[in-house]
Amino acid sequence: MARTDKMKLGTFVYTFGFHPASWLHPASDVHGANDFSHLLDVAKRSEAAKLDFMFMADSPAAAVGDPDALSRIPTKMNRFEPLSLLSALSVTTEKLGLVATVSTSYYEPYNVARLFASIDHLSHGRVCWNVVTSDHDETGYNFNREGLDPHALRYERGNEFVDVVFGLWDSFEDGALLLDRENGVYYDKTKHHTLNHKGKHFQVRGPLNIARSPQGRPVIAQAGGSEPGMDMAARTAEIVFSLASNIDRNRAFYENVKGRMPAYGRNPDDLKIMPGVVLNVGETEAEAQAKVNYLIDKMHPDVGRLMLSEFLEADLSGVPLDKPFPMDRLPKEPKGSRALFEELTDFVKSGRTVGELVRHYAEKHTGNGITGTPKQIADFMEEWFETRAADGFILMFPTLPSSLDDFVTLVLPELRRRGLFREEYEGKTLRENLGLSMPTNRFAKAQAAG
């Protein structure tokens with residue numbers, strides 16, 4: 001059945017762009033990591049293009065590893081705390097959704113509920129919480145832990161955490177604020193509720209001391225392909241960030257996650273599957289490939305080796321770049337994409353050097369998605385959308401703002417010509433623009449049920 005809805009699109013933001021050498025691009029602002037005007041510029045360009053949201057990726061830790069390589073990668077080493085940034089963006093933009101990553105492993109539910117509710121009011125209903133449990137050891141060392149908690153424990157805590165936050169966001173019902181000056185009554189006490197949550201990980205009385213969100217509650221995003229992650233998404237998420245590595249696998253993921261939703265009383269249309277995709281666009285294929293090559297040439301070999309080491313979970317420090325890859329350092333199973341792992345394995349078996357493998361991985365990893373002309377990229381996106389491998393895409397631009405400008409100038413007109421993307425925002429809130437239903441207040445629902 002042909003789709004009648006429109007594709008959803010968001011800008012994924014590392015400060016300078018997704019590519020680790022993006023800060024070396026002459027069109028980038030080298031001071032951008034600490035200059036709000038740079039990120040406001042990215043937001044304004046995204047909003048002018050009528051994109052759904054700006055997605056701030058984050059990890060509450062500096063990266064750990066080879067100091068020589070890390071000194072050449074600013075992404076994790078110097079960036080704004082995301083909720084502070086969203087607060088500023090909320091009052092300097094008008095229609096663009098604002099997404100921030102906050103971990104359930106290192107906050108308390110009341111803090112998160114209050115922070116996001118406040119920003120949702122500041123933005124008039126445009127905020128989204130990207131729920132993560134964290135997946136890097138370095139984060140735990142900043143929060144009174146020796147590395148990461150076990151995976152199962154993080155998801156167990158994460159599920160309870162989200163339930164508590166949802167309950168706190170329901171503290172005030174819609175219409176609870178009477179603002180009755182004549183009788184001196186500010187709010188209706190019958191529409192204000194105490195949560196009194198007592199669970200395995202959290203004890204939270206409530207209520208939250210801020211009125212109900214303009215969206216009912218902020219939109220929820222999540223990423224995670226594990227069984228607990230997919231189940232958590234089906235139960236709670238409204239945007240799911242997946243990896244656009246293979247259309248057939250993503251279509252199966254799409255069906256799997258949405259197929260779980262009815263068991264939780266949810267409509268599958270209330271969840272948007274949005275793969276992250278790196279786009280390199282040029283007016284010709286050669287021009288697009290030249291943009292990929294330029295950044296790879298700019299990237300220092302130590303940075304490429306660190307990226308490869310992280311993907312393979314193998315220590316490659318000190319391994320000569322001009323020698324064949326040592327097969328004993330190749331793991332039996334991949335940490336990330338199996339398709340990419342198998343391609344790298346075949347490349348290694350052909351006798352290529354470590355340096356050649358580093359460059360090959362850099363091109364495949366930072367060129368993940370599609371490199372080509374506007375028509376080729378629009379064809380790629382249309383196929384994924386129409387065959388229900390995706391409801392839209394989180395656009396991981398190699399450089400910011402230049403790659404964003406390329407997409408807006410070259411690809412968006414083609415998507416609009418095909419009727420795949422909006423001409424104007426449909427509503428005022430992020431929830432309205434994504435086509436998501438308003439959540440029901442649990443206390444009002446319980447009272448209505450008698």
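The domain assignment divides the protein into domain 1 (8-283 + 373-449) and domain 2 (286-366), the bounds coming from an automatic or database domain assignment. This is a predicted model, in which local features need pLDDT of at least 70 and side-chain atom pairs count only at pLDDT 80 or more, while totals for chains, interfaces and linings use all residues. Residues are numbered from 1 along each chain as its sequence is written, and side-chain values use heavy atoms, with hydrogens and water left out.

**View 1. The interface of domain 1 and domain 2.** The C-alpha centres of domain 1 and domain 2 are 30 Å apart. Domain 1 gives 24 residues to the contact and domain 2 gives 18 residues (contact: heavy atoms within 4.5 Å). About 1,800 Å² is buried between domain 1 and domain 2, with 68% of it on carbon and sulfur atoms (buried area: the accessible area, 1.4 Å probe, that two parts lose on being put together, summed over both). On the side of domain 1, the residues losing the most area to domain 2 are His19, Arg72 and Asn280, together 27% of what that side buries.

View 2. One salt bridge is found by the rule across the interface of domain 1 and domain 2 (a side-chain nitrogen of Lys or Arg within 4 Å of a carboxyl oxygen of Asp or Glu). A salt bridge joins the side chains of Lys291 and Asp406, at 2.8 Å, N to O.

View 3. Thr104 sits in the loop between β3 (97-103) and α4 (109-122) (helices, H or I, at least four residues, and strands, E, at least two, are DSSP runs numbered from the N terminus). Is Thr104 buried or exposed? Thr104 is buried, its relative accessible area being 0% (buried: under 20%; exposed: over 50%; partly exposed in between; 1.4 Å probe, protein chains only). Apart from neighbours within four places in sequence, Thr104 has contacts with Trp129, Val131, Val132, Thr133, Arg154, Arg157, Gly158 and Phe161.

**View 4. Surroundings of Glu94.** Glu94 lies in the loop between α3 (82-90) and β3. With a relative accessible area of 64%, Glu94 is exposed. Leaving out neighbours within four places in sequence, Glu94 is in contact with Glu47 and Arg126. The C-alpha atoms of Glu94 and Glu173 are 25 Å apart, the two residues being 79 residues apart along the chain.
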